[in-house]
Amino acid sequence: MKRTKEIIVNPDMSIQEVLEPGKVKVLVLDGNKGTASYCEAVRHGETVIETVDGKSRRIHFRESELI
């Protein structure tokens, strides 16, 4: 399942996404590709954006669970 979704960024850098209480979203603005996307950060762990040659390439989700 793909976790990232592309979004439209307005010329004034505003977006139309709704903030959801209790959730953290990560916004990636890639000026090389001219795209914008977002994903929900993991609840416990790391959300890492990987770049190659200055271009966004992948998002890694490293999750853990509290016991």
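**Backbone angles and salt bridges**

Met13 sits in the loop between strand 1 (5–6) and strand 2 (25–30); strands (E, at least two residues) are DSSP runs, numbered from the N terminus. The model is predicted, with local features requiring pLDDT of at least 70 and side-chain atom pairs counting only at pLDDT 80 or more, while totals for chains, interfaces and linings use all residues. Residues are numbered from 1 along each chain as its sequence is written, and side-chain values use heavy atoms, without hydrogens and water.

Most residues other than glycine have a negative phi. Met13, not a glycine, has a positive phi of about 70°. Met13 is exposed at a relative accessible area of 58% (buried is under 20%, exposed over 50%, partly exposed in between; 1.4 Å probe, protein chains only). Asp53 also has a positive phi, near 55°. Asp53 lies in the loop between strand 4 (45–52) and strand 5 (55–63), and is exposed at 74%.

A salt bridge is a side-chain nitrogen of Lys or Arg within 4 Å of a carboxyl oxygen of Asp or Glu, and the count is 7. Arg62 and Glu46 pair at 3.0 Å, N to O. Arg62 belongs to strand 5 and Glu46 to strand 4, so this pair ties together parts 16 residues apart in sequence. Arg62 is partly exposed at 45%, as is Glu46 at 42%. Glu50 and Arg58 form a salt bridge at 3.2 Å, N to O. Lys23 and Glu20 meet at 3.3 Å, N to O, and a network of salt bridges links Glu17, Glu20, Lys23, Lys25 and Glu40.

Terms used:
Helices (H or I, at least four residues) and strands (E, at least two) are DSSP runs, numbered from the N terminus.
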